[in-house]
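Subject: Handing over a structure

Hi there,

Here is the structure I promised to pass on to you. Have a look through it first, and then read my notes below.

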Amino acid sequence: MTDQVRQNAIERAWEDLVATARRTAAAGLVVGTSGNVSTRVGGLVLVTPSAVPYDRLTPEDTVAVDLDGNQLLGELAPTSELPLHLEVYRNTQAGAVVHTHAVYATAVSTLVPELPPIHYMAAALGGTVRVARYALYGSDELAANMLHALRERSACLLQNHGTVAYGDSLDQAYDRTAQLEWMCRLWLTAASLPGHTPSLLTGSQLREAADKLQGYGRPR
Ligand SMILES: [Zn+2]
C-alpha cells in the first residue's frame, strides 16, 4: 500500500468504526461510553478511545495501536478493554470486534455458564454461546478467559460484564452482537413464565442449522 492509499483506508475505517460505535449506543446495546469497538487495517488496530462519548468523536480523534498495544496514532488513550480486542486479533482472522454491556446478555451472564440453545441462530455464532469466567475489566486474565470461551465461536458472554463478538467486518461484528442480545432476551422471556421450562435444541439440530447457514456467520 502506498502512504496515500493506507491513509485513505485508515480514514474510511475510522468513519465506519465511529458509525458502528454510535449504532451500539442508538440501539441501546451500550449506555454512555461503556462499550467499545475496534477494526483492523493491516497491522493496525483502530479502537474507540477511553471515556469519550461516541457522538463527539471526529476524524482527528483516530486512535490506533499495533497488535502489542503500542499506540501508533492519536492523542486519546485507547479503551481500557484493549486487551480483549488485541487477544481476538492475535488469535483469529477477525476484521472487527464489538464489546458491549447489553442488558439482556449481561443478565444471562450472571445466571448460567452458557446461553441455553433456545434458537437455531446460535449456529450462526458457531454453536452454543459460552460465558467467560469473571475477571477484572481490562485485565489480561479477562482476555484469556474470553479467548477460552470463544473457541470455535464468533461471540461469547463475559460473566457479570457483557458481550464480545467479532467478524470479518464491523457490520458483521455488530450484527452478531445484536443477534446475541436478541437470543438472550428470547431465553429470558421464555424462561420467565412460572411453571414452564423452554424447550432447547439438541447438538444435532444446531449442527443441521449450521450446515444450512454455511458460510453465514461461522468463525474462521
Ligand atoms: Zn466492558
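Predicted model: local features only at pLDDT ≥ 70, side-chain atom pairs only at ≥ 80, totals over all residues.

Two strands count as paired if DSSP finds at least two bridges between them. Helices (H or I, at least four residues) and strands (E, at least two) are DSSP runs, numbered from the N terminus.

Residues are numbered from 1 along each chain as its sequence is written.

The overall picture

The protein has 6 helices and 8 strands, and along the sequence they follow the pattern α-β-β-β-β-α-β-α-β-α-β-β-α-α. Its radius of gyration (taken over C-alpha atoms) is 17 Å, close to the 17 Å that the globule rule (2.2 Å times the number of residues to the power 0.38) gives for 220 residues, so the protein is as compact as a globular protein of that length. Along the principal axes, the C-alpha atoms fill a box of roughly 60 × 35 × 30 Å.

Burial here is judged by C-beta atoms placed from the backbone: a residue is buried if 20 or more others lie within 10 Å of its own, exposed if 12 or fewer, and partly exposed in between. By that count, 41% of the 220 residues are buried. Two residues are in contact if their C-beta atoms, again placed from the backbone, lie within 7 Å. Of the contacts with a separation of 6 or more, 65% are accounted for by residues 24 or more positions apart.

An unreviewed UniProt entry annotates residues 15–188 as "domain: Class II aldolase/adducin N-terminal". UniProt positions are given in the numbering used here, feature names are shortened, and annotations may be inferred rather than shown by experiment. Over residues 15–188 the chain is 33% helix and 18% strand, with the end C-alpha atoms 35 Å apart.

Around strand β1

Which strands does β1 (residues 36–41) pair with? Strand β5 (residues 96–100) runs antiparallel to β1 and is joined to it by 4 bridges; there, Val97 is the bridge partner of Ser38. Strand β2 (residues 44–47) also pairs with β1 in the antiparallel sense, over 4 bridges, and Arg40 stands opposite Val45 in β2. β1 and β2 form a hairpin with 2 residues between them, and Gly42 in the turn has a positive phi of about 60°. Of the 6 residues of β1, 5 are buried, so this strand is largely enclosed by the rest of the structure.

A nonpolar core is a set of buried Ala, Val, Leu, Ile, Met, Phe, Trp, Tyr and Cys residues joined through C-beta atoms within 7 Å. The largest one has 56 residues, of which Met146, Cys156 and Leu157 touch the most other members. Helix α5 (residues 170–191) supplies the largest share of this core, 7 residues. Beyond its neighbours within four places in sequence, Leu157 is in contact with several residues, including Ala105, Val108, Leu115 and Val129.

Val88 sits in helix α2 (residues 82–91) and is buried, with 26 C-beta neighbours inside 10 Å. Leaving aside neighbours within four places in sequence, Val88 is in contact with Ala94, Val97 and Tyr166.

Ala209, in helix α6 (residues 203–212), is partly exposed, with 18 other C-beta atoms within 10 Å. Its contacts, leaving aside neighbours within four places in sequence, are Tyr120 and Ala123.

Two loop residues to look at

Most residues other than glycine have a negative phi. Ala51 is not a glycine, yet has a positive phi of about 60°; Ala51 is found in the loop between β2 and β3 (64–65) and is exposed, with 11 C-beta neighbours inside 10 Å. Glu152 also has a positive phi, near 60°. Glu152 lies in the loop between α4 (140–149) and β7 (155–158) and is exposed, with 10 other C-beta atoms within 10 Å.

Enjoy exploring!

Best wishes
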